[in-house]
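The structure is shown first.

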Amino acid sequence: IKGVTKLKIEKLALSGFRYSPIDVNGGSNITITDIDSRQNMKGIILSAGARNTVEKSYFEENYNNGVQVMKNSEYAIVRDNTVVDTGMKFKYGAISGIYIAAATSSLVQRNTVLRSGWAGISLWSTTTGSIIEDNYIEKTCQRFGDCGSIYTSIGFMSLPAKDRLIIRNNF
């Protein structure tokens, strides 16, 4: 989906895709809700868009990232999702239940992430001004080391205070 505005995608079961069944690039105000995504390379990708939302969806056994927010996305919302067994069969990569990279002001809220090959929630490459709150994360690092429930890297500590991440009330 490229450059679309004001779209709602809902109530779909998606499995067996070689990449991602939903890949939003450059769109805005897109809401993706009540999706059942299983055994795809990636669950859902949001990139280079604004105010896009992934909510109330279920992701299971996706090989590399359940929900991925990337490349200059602004104000993305990832909330009320369940992400299970991400990257448990994949042999390489930064495998996370929820993966945020090079995004601004994302909200990752009230998600449940169970069993991931690497991190539960990853924040990479100058992800600024984002809030990660009220998520439940269990059994990460099942296939790889140097990871954690919430993993931050590249640029986080060198950002001015106003641009730093807010991480609170996660279990």
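Accessible areas here come from the Shrake-Rupley method with a 1.4 Å probe. On that basis, the accessible surface of the protein is about 7,900 Å², and carbon and sulfur atoms account for 49% of that surface. The model is predicted.

**Overall dimensions**

Taken along the principal axes, the box filled by the C-alpha atoms is roughly 40 × 35 × 25 Å. The protein has a radius of gyration of 14 Å, which agrees with the value near 16 Å that a compact globule of 171 residues would have. Of the 171 residues, 49% are buried. When contacts between residues at least 6 apart in sequence are considered, 54% of them join residues at least 24 apart.

**Strands and sheet**

The protein contains 17 strands and zero helices. Six strands make up an open sheet with parallel pairing, and their order is 2-4-7-10-13-16. Strand 2 (22-25) and strand 16 (150-153) are at the edges; each has a single partner strand, so one side of each lacks a neighbour in the sheet. On average, neighbouring strands of this sheet are turned by 10° against each other, direction ignored.

Leu-123 has Thr-152, in strand 16, as its bridge partner.

**Asn-135**

Is Asn-135 buried or exposed? Its relative accessible area is 1%, and the cut-off for buried is under 20%, so Asn-135 counts as buried. Asn-135 sits in the loop between strand 14 (131-133) and strand 15 (136-138).

The side chain of Asn-135 makes polar contacts with the backbone atoms listed below.

| Backbone atom | Distance to the side chain of Asn-135 |
|---|---|
| Nitrogen of Arg-110 | 3.4 Å |
| Oxygen of Glu-133 | 3.1 Å |

Which residues does Asn-135 contact, leaving aside its neighbours within four places in sequence? They are Val-108, Gln-109, Arg-110, Asn-111, Ile-121, Asn-169, Asn-170 and Phe-171. Among them, Arg-110 is also the residue whose backbone nitrogen lies 3.4 Å from a polar atom of the Asn-135 side chain.

Terms used
Residues are numbered from 1 along each chain as its sequence is written. This is a predicted model: local features need pLDDT of at least 70, side-chain atom pairs count only at pLDDT 80 or more; totals for chains, interfaces and linings use all residues. Side-chain values use heavy atoms; hydrogens and water are left out. Two strands pair if DSSP finds at least two bridges between them. Helices (H or I, at least four residues) and strands (E, at least two) are DSSP runs, numbered from the N terminus. Axes are lines fitted to C-alpha atoms, for helices over the stretch in contact, and angles run from 0 to 180 degrees between N-to-C directions. The radius of gyration is taken over C-alpha atoms; the globule rule is 2.2 Å times the number of residues to the power 0.38. Buried means under 20% relative accessible area, exposed over 50%, partly exposed in between (1.4 Å probe, protein chains only). Contact means heavy atoms within 4.5 Å. A polar contact is a pair of N or O atoms within 3.5 Å; within protein, one must be able to donate a hydrogen and the other to accept it, and residues adjacent in sequence count only if both atoms are side-chain atoms.
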